[in-house]
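Subject: the model, and what turned up in it

Hi,

Here is the structure I promised to pass on. Have a look at it first, and then read my notes below.

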Amino acid sequence: MFRLYAGVSGEAWSNAELIWNSAEAANPDECGINSLTCTIEINKIGSLKFTITSTHPYYDQIEKRKTILTLIQDDADVVFRGPVKQIETKLFYQKNITAESDLTYFSDSVFEPTDEDVTITPKERFSNIIENHNTQMANDPEKVFTVGTFTDSESASTEKKYAKTGSYNDTISQINTDFGKELYGFLRIRYSSDLSTRYIDYLESLEVGDAKDIQFAVNMADFKHTDQMKDIFTVLIPTGGDNLTIEDVGSKLSDSDLTVDVLRPDMTTKTIALEIDGKYIKIPEGIQKYGYIYEAKSLTVDSNDGSSSSGQTGDD
């Protein structure tokens, strides 16, 4: 039997609510959820999709990025776990819900530019990338990963040179750059029994015994990722020439200087306060709603009055 649970990002797994089970699938009109499909492919991030009707008690509680969906098989095996990324309202108040597996969290952090080449083993490089991601997500524990098994091969334990990076990359792009072009391995996500710890493994090969052995495995040689909400960020890193940040240049901006006017769907505006934290400009209201999503943007500085503006803006 399969069971689908919905929880809130950051809350304990024990608080998640059962919203569907396969025994009800024969009567979708009664259970309020139908057309549920879970796609797990060896070369793609997993997805989970379903349609929910207004009669379902959880209908109004599903939120983008905030709601975490978990599909369990036989009360033990995690088949799918990840955040809701799309909510599409259809006729008759039905909503089409789409979630992505939690590898998508690596698009919410950034790997910072380096000035010099680095010579270390692939295992050390992998650990450094994950640790950097976890540091940025320290206040967003739902997005934290623990490094688990790293392939035990000669190529994995031999030092190699990683070229300096000239710009900010999101973490998943950096993983693909460093591991998708040479080792051609697999990323696999697995969980502790109480789902409190998420492990990420890097394997050069998979021994497939049955379907659950390949869940969350992504072939890095063919990796492609599309984030339907990538235009949203809640932590901005303004950068200038040579990747200088506001912290590097000793910006005198204060929190009281920074606000942004957001256009609401009803065409009224809302002023949101921003917060400076070193080189970061944080959007507290956005963090509360979506969690930590980092984005680096080029910054244009007016030499006459010292004012600045970002090339792009984030979404409310």
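Which backbone oxygen does the side chain of Lys143 reach? That of Tyr292, at 3.1 Å. This falls under what I call a polar contact: a pair of N or O atoms within 3.5 Å, where within protein one must be able to donate a hydrogen and the other to accept it, and residues adjacent in sequence count only if both atoms are side-chain atoms.

Before going on, some housekeeping. This is a predicted model, so local features need pLDDT of at least 70 and side-chain atom pairs count only at pLDDT 80 or more, while totals for chains, interfaces and linings use all residues. Residues are numbered from 1 along each chain as its sequence is written, and side-chain values use heavy atoms, with hydrogens and water left out.

The overall picture: the chain has 5 helices and 22 strands (DSSP runs numbered from the N terminus, helices being H or I with at least four residues and strands E with at least two). Of its 316 residues, 44% count as buried (under 20% relative accessible area; exposed is over 50% and partly exposed in between, with a 1.4 Å probe and protein chains only). Among contacts (heavy atoms within 4.5 Å) with a separation of 6 or more, 62% come from residues 24 or more positions apart.

Back to Lys143. It sits in the loop between helix H2 (122-136) and strand E10 (146-150), and it counts as buried because its relative accessibility is 3%. Not counting residues up to four places away in sequence, Lys143 touches residues including Tyr105, Asp108, His133, Arg198 and Tyr292.

Glu142 is in that loop between H2 and E10 too, and at 9% relative accessibility Glu142 counts as buried. Leaving aside neighbours within four places, its contacts include Ser9, Ile68, Arg81, Tyr105 and Arg198.

Arg81 belongs to strand E6 (residues 77-89). Arg81 is buried, at 8%, and its side chain makes a polar contact of 2.6 Å with the side chain of Thr70.

Arg81 also turns up at a cavity. Of the 13 residues lining the largest one, the closest to its centre are Gly7, Val8, Ala16, Ile68 and Arg81. Strand E1 (2-8) gives the most to this lining, with 4 residues. (On a 1 Å grid over the protein atoms alone, a cavity is a set of points where a 1.4 Å probe fits but cannot get out, and lining residues have an atom within 4 Å of a point.

As for nonpolar cores (buried Ala, Val, Leu, Ile, Met, Phe, Trp, Tyr and Cys residues joined through side-chain atoms within 4.5 Å), the largest has 27 residues, and Phe106, Phe126, Ile175, Phe179 and Ile200 have the most contacts inside it. Apart from it lies another core of 19 residues, among them Trp20 and Cys31.

Most residues other than glycine have a negative phi. Tyr93, however, has a phi near 60°, and Tyr93 is exposed, at 61%. Leu195 has a positive phi of about 65°, but Leu195 counts as buried, at 11%.

Cheers

Definitions and conventions:
On a 1 Å grid over the protein atoms alone, a cavity is a set of points where a 1.4 Å probe fits but cannot get out, and a pocket is an open set with protein on both sides within 12 Å along at least five of seven lines; lining residues have an atom within 4 Å of a point.
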